[in-house]
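Please look at the sequence and structure first.

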Amino acid sequence: MIDTHSHIDMLQNPEAEVEEAFKAGVKKIIIPGVEPATFDTITEYIDKYDCVYGTIGVHPSEAQKFNNETAKKMMLLAHHPKMVGIGEIGLDYYWDKTFIDVQKHVFKTQLEIAKSLNLPVVIHDREAHLDTFEILKEYDMKNVILHCFSGSVEFAKQCVELGWHLGIGGVVTFKNAKKMKDVVKEIPLENLVLETDAPYLTPHPFRGEENAPKYLNLIAKEIANIKDLTSEFVIKQTTKNAEIIFDFNKGE
């Protein structure tokens with residue numbers, strides 16, 4: 001299994017959780033960038049652990065911290081052999097709508113960086129579906145993961161028509177997550193990847209506790225139940241999907 005989105009740098013005991021994840025069958029973990037202050041920490045983790053990779057980016061809620069120096073550092077760090085994408089980047093209209101123009105500018109700038117380096121993008125989209133979709137189309141982005149997908153089945157179909165992938169996490173295991181379950185049922189497995197978003201959104205039955213990559217199999221199992229497949233098949237296909245999106249051997 002590949003955990004395509006896991007903030008292990010935020011866990012209480014990252015070293016122990018990396019070991020637990022490996023025991024649980026998680027062979028690769030990707031840490032997403034959130035703000036400039038985390039870039040060096042992510043680099044330390046991907047250097048320390050063979051199974052840990054990173055993406056570099058500034059979260060929309062932190063967009064006001066982005067500047068020319070941030071862009072230069074992203075360009076530099078993106079050449080690290082284990083830095084496999086740009087993210088998490090995008091738009092978030094849920095928490096604060098007072099600097100939407102800044103969010104859009106920073107989003108577009110980071111898309112330009114991704115295109116210049118031919119790297120996939122990991123997208124944060126919260127209550128900003130239309131603007132996120134239109135900007136990604138404007139920049140003709142091909143290799144896209146919509147992290148923690150929260151849209152409708154209709155929106156999901158629009159996204160996968162463009163070849164994009166949906167990141168499916170612990171929310172799909174929640175009993176009241178009908179919309180998410182409907183998306184998983186209707187969208188081809190070839191367009192789904194697994195993620196935990198640890199330490200957030202812990203899957204049932206551990207909801208309320210700290211999330212961790214070791215719980216990734218619970219997400220795979222729920223997807224299998226919804227699509228009437230075996231967990232093994234879901235794991236095999238979603239792993240293949242992640243390996244198509246990310247070049248884990250770019251440094252070789």
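Leu 201 sits in the loop between E8 and H8; helices (H or I, at least four residues) and strands (E, at least two) are DSSP runs, numbered from the N terminus. The model is predicted, so local features need pLDDT of at least 70, side-chain atom pairs count only at pLDDT 80 or more, and totals for chains, interfaces and linings use all residues. Residues are numbered from 1 along each chain as its sequence is written, and side-chain values use heavy atoms, with hydrogens and water left out.

At 32% relative accessibility, Leu 201 counts as partly exposed; buried means under 20% relative accessible area, exposed over 50%, and partly exposed in between (1.4 Å probe, protein chains only). Asp 140, in the loop between helix H5 (129-138) and strand E6 (144-147), is also partly exposed, with a relative accessible area of 43%. Both residues have a positive phi.

| Residue | Phi |
|---|---|
| Asp 140 | near 55° |
| Leu 201 | about 55° |

Most residues other than glycine have a negative phi, and most peptide bonds are trans. The bond from Ala 198 to Pro 199 is cis, with omega near 10°, and Pro 199 belongs to the loop between E8 and H8. Another cis bond joins Gly 87 and Glu 88, with omega about 5°; Glu 88 is in strand E4 (residues 83-92).
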